Amino acid sequence: QVQLVESGGGLVQAGGSLTLSCAAPRSIFSFNTMAWYRQAPGKQRELVAAATGPVTTNYADSVKGRFTISRDGLKNIAYLQMNSLKPEDTAVYYCNARRLVTGVNYDYWGQGTQVTVSS
């Protein structure tokens, strides 16, 4: 079982910044993909940002240019830097790690961290 531990959520005013961290128990790069999802009240969980392979990243259109996903291989931590935050970014943010083994995806999740952006 892989336990991911998230931190860094909180309350921030619109236009502010937060950095979320996701600590993994082993090498970040042992996972095929590290990603951040979010779920707002009454809405489905959605992909925010993902990092695949050594350099490939992708982002939801709603956060492009504002959020940045990164990975620290020495500390085994994935980060989500969030700038220019908007009230619509308010959600519980979840870290996800995915391994592809013989054609089967294995997903691991953090416990979630609340991000609240006030207007």
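This is a predicted model: local features need pLDDT of at least 70, side-chain atom pairs count only at pLDDT 80 or more; totals for chains, interfaces and linings use all residues.
View 1. V101 is partly exposed, and its relative accessible area comes to 31%. Together with V104 and Y106, V101 makes a nonpolar surface patch of about 230 Å².

**View 2. R71, a buried arginine without a salt bridge.** Look for R71 in strand β7, residues 67–72. R71 is buried but has no salt bridge, and the nearest side chain of opposite charge, D72, is 10 Å away. So what lies 2.5 Å from a polar atom of the R71 side chain? That's the backbone oxygen of G53. The backbone oxygen of P54 lies 3.5 Å from a polar atom of the R71 side chain. Further along the chain, R71 is also in contact with other residues, among them I28, F29, M34 and I77.

**View 3. D89 and its two arginine partners.** D89 pairs up with R38 in a salt bridge, where the closest N and O atoms are 3.0 Å apart. This pair ties together distant parts of the chain: D89 is in the loop between β8 and β9, while R38 is in strand β4, 51 residues apart. D89 also meets R66 in a salt bridge, at 2.8 Å from N to O. Here the partner R66 comes from the loop between β6 and β7, 23 residues apart from D89. Buried or exposed, how do D89, R38 and R66 count? D89 is buried at 1% relative accessibility, R38 is buried at 6%, and R66 is buried at 10%.

**View 4. The salt bridge of D107 and R98.** The side chains of D107 and R98 join in a salt bridge of 2.8 Å, N to O. D107 is partly exposed at 33% relative accessible area, and R98 is partly exposed at 28%.

Technical notes:
Residues are numbered from 1 along each chain as its sequence is written. Side-chain values use heavy atoms; hydrogens and water are left out. Patches are made of residues with over 30% relative accessible area and no salt bridge: like charges are joined within 9 Å, nonpolar side chains (Val, Leu, Ile, Met, Phe, Trp, Tyr) within 5 Å. Accessible areas come from the Shrake-Rupley method with a 1.4 Å probe; for residues, only the protein chains shown count as cover. A salt bridge is a side-chain nitrogen of Lys or Arg within 4 Å of a carboxyl oxygen of Asp or Glu. Buried means under 20% relative accessible area, exposed over 50%, partly exposed in between (1.4 Å probe, protein chains only). Helices (H or I, at least four residues) and strands (E, at least two) are DSSP runs, numbered from the N terminus. Lys and Arg count as positive and Asp and Glu as negative; His and the chain ends are not counted. A polar contact is a pair of N or O atoms within 3.5 Å; within protein, one must be able to donate a hydrogen and the other to accept it, and residues adjacent in sequence count only if both atoms are side-chain atoms. Contact means heavy atoms within 4.5 Å. Lists of a residue's contacts leave out its neighbours within four places in sequence.
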